Every structure is written in structure tokens, then in C-alpha cells.
Amino acid sequence: IDILLQQKITTAAIFTNSDHLQTACAQAASFFNLPAKDWRTCYQAKNKHAMRQHLQQKNIASTWYCALNTPEALQKISPPFPCVVKPQQGVASMNVKLCETPAQLEGFCLDFWQNMPGQALIIEEFIQGSSFTLETLGDGENIIALGGFDVEISQPPYFIEKNAHWIDNITSEHRVAAFEQIKAFGVNLGSCHSEFILTEQGSKLVEINYRSIGGNKEFLLNELANFDLFMQIIKLHLGEKLPNNLAIKGQAAAYYYTAKQAGELIKQPEDFEQHHPNFIKLENLRKMGSTIELSHSDRDRLSILTAYAKDKTPKNASSLKETIETLTNSLTWEIC
């Protein structure tokens, strides 16, 4: 706000795709009477303690949780086991772990606080089920669901995304329920990427990212969309209303290849991109010879393979999946 006032800049919109800047940008946009997200909703989406509180206040399906930032507070709680512990404002699955016993939980928390004293942790009941996302767009009044990804996560104790497949069906029971939860939470402007677990009791919200999806999946969606996804997001922040008939149809997938050990990266496949019969691209994220230090999170990625097929016929979809699986079996990385 200060910089815009000092520079006498006439502002048309204030927008960010950063998790960390959503609240500040919402406040700045509101100050200048521009289209703005509710800054409280931005804060509640980013802060996992505030998110759980808000879910309970709105009677949205949630789970047992506790927030704490000292060893003394840890001694006073009796969480259900197994439980998941994570930073209150974490990203990319950093410092997230499943703990089976009180000793594992205490060890994790003490190690975390030794490196980051006073930083709040959230302890949550472990939710059993399959992971999926919901991607939405809103103009401040109306909001639409575009679809979502079915996501495969690594086996606990860590939660690392392995692959994701685009599902354009927005009428399935669990995604309809997820959409209602997002609307009840207060999401209504711009892009939003939300993560859920499908349990026996229904869809349970795990995380809200009040911005577009990442991990190169946003570029896949832009290729499949019948509109320019990125320009549309900007237009919503400029105050334009949602057009009719926005859709993202077709097949798309992202596969993430992560390091299994620390050391020096001595072998990896070369980057490639092909367009026929379907689009497939492999992008390496590390240079040969680089030193790998494991974080047990999405930041351990070595390479990303993305693919899409606009033709949704079963034969083409099957061909795309088979091609990805064949490629995956032929790709090798070596760390020593």
C-alpha cells in the first residue's frame, strides 16, 4: 500500500499466486477498492489452525486437531494415534509426518523445535482414504468447479505426491460435496486449489490453497481448457464476471520422480518433449552432479513428466496411460 501511494501508481488490480502473500494482497486490494478476496478467508486458508477452527464454526466435516508450539503443551494432550504432525503454515509437504506412537510424536516435535523454536505445529487425526483435489474459479459472487485431480501419495510416514490424473467430471458425489465445503468456507474470487481425502464418511478437507494449482499441473489445465486459464484468472481480479461454458476437458497426468536417498546425482534421463500422438514432456529439476539432501517432501523431486490428450476416447486415454507407464519403466536416476 505504501509503495503504491508513494509512487502514485493507478492500480487496476492487485493479484498474487503466492500462498504467503494472499492475505496481504487481499488487504491491499480492499484498501484501494479493487476486487479483493476476503483477507480473513485467505488467512484461514493459509493458517492450518485457523482453517480447522473455521471448519468447526461452519459445521464443515473436519477432524480432531490440536495446535501447539512448546514441549510443555505437548505433554498435556492425548491425540489419537496414528496422527499426522505438520507446521501450522507449511508448504510442499515439508516437515509432515505420520506418527504411530507418543514417542515418535515427541521425537518429531522436539527435533522440529530445535531447528525452529516457537514455531507452531498442528497435530491431526490421520484420515484414511484416497486423495483428490478440486479446482475452482470465482468472480466474487459466483464460483464454478472445473474438476480436479485424483492423486497418488507415497506410503506414510511421509506424504509425497507421486502422480496426479485429471478428472473433468464435476458431478461425482464426493466432488459435489467438496465444492459445497469450499463455498461454505468462503472461497469466491480467482483461482483456488483444494485438497481432500475421500473417506468412508465422505469428503474431508485437508488443505486450501487460495491460488492456482502448481507442480506444472496448471500448464496442463491451460492446454486442455477451452479458454486461456491464466488470462481468465487475471480478468477475475480486474472485476470481470465469469463467462458461461468454461470447461477443462480431456486427459492429463503429472508424474513426479523423487529422490530415494541423499548423495550426488550421477545419472538421469535427458529432457524430452513429444507432440504425437499425445503431448508428453519430461523436465529435469536437478543438474547432473548436484548434491541431493532429502527433505522427505515434494521438494525432493528430480524430474516431472507431464502429459495430456485432448481426445477423450477410451482408446486414446488408454494409449496415453500405457505410454506414460512404459516411459516410466524405462527412465532411470542414480544417486551415490
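Author: N95 counts as partly exposed, with a relative accessibility of 29%; on this scale buried means under 20% relative accessible area, exposed over 50%, and partly exposed anything in between, using a 1.4 Å probe and protein chains only. Before going on, bear in mind that this is a predicted model: local features need pLDDT of at least 70, side-chain atom pairs count only at pLDDT 80 or more, and totals for chains, interfaces and linings use all residues. Residues are numbered from 1 along each chain as its sequence is written, and side-chain values use heavy atoms, with hydrogens and water left out.

Back to N95, then. Its phi is near 55 degrees, which is a positive value in a residue other than glycine. You'll find N95 in the loop between β2 and β3 (97–99), where strands (E, at least two residues) and helices (H or I, at least four) are DSSP runs numbered from the N terminus.

Another asparagine to click on is N245, also not a glycine, with a positive phi of about 65 degrees. N245 sits in the loop between α9 and β10 (251–258), and at 69% relative accessibility it counts as exposed.

While you're checking backbone torsions, have a look at the cis peptide bonds. One joins F81 and P82, with omega about 0 degrees, and P82 belongs to the loop between α5 (71–74) and β2 (83–87). Another joins P156 and P157, with omega about 25 degrees; P157 is in the loop between β6 (143–153) and β7 (161–167).

Now for the rings. There are seven aromatic pairs in the structure, where rings of Phe, Tyr and Trp (its six-membered ring) pair if their centres lie within 6.5 Å, and planes under 30 degrees apart count as stacked, over 60 as edge-to-face and the rest as tilted. Among them is the edge-to-face pair of F31 and F32, 5.0 Å centre to centre with 80 degrees between the planes. F31 is partly exposed at 47% relative accessible area, and F32 is partly exposed too, at 22%. Then there's F219 with F230: the ring centres are 5.8 Å apart and the planes sit at 55 degrees, so this pair is tilted. Since F219 belongs to helix α8 (residues 217–224) and F230 to helix α9 (residues 229–237), the pair ties together parts 11 residues apart in sequence. F219 is partly exposed, at 47% relative accessibility, and F230 is partly exposed at 31%.

K37 lies over the face of Y210, 4.2 Å from the ring centre, and R301 lies over the face of Y256 at 3.7 Å.

Last stop, a helix pair. Helices α3 (residues 39–46) and α4 (residues 48–57) pack at about 110 degrees with axes 5 Å apart; axes are lines fitted to C-alpha atoms, for helices over the stretch in contact, and angles run from 0 to 180 degrees between N-to-C directions. That makes α3 roughly perpendicular to α4, since angles of 65 to 115 degrees get that label, under 35 is roughly parallel, over 145 roughly antiparallel and the rest oblique. Y43, Q44 and K46 of α3 meet K48, A50, M51 and H54 of α4, with contact meaning heavy atoms within 4.5 Å.

Key: Lys NZ or Arg CZ within 6 Å of the ring centre and 35° of its normal.
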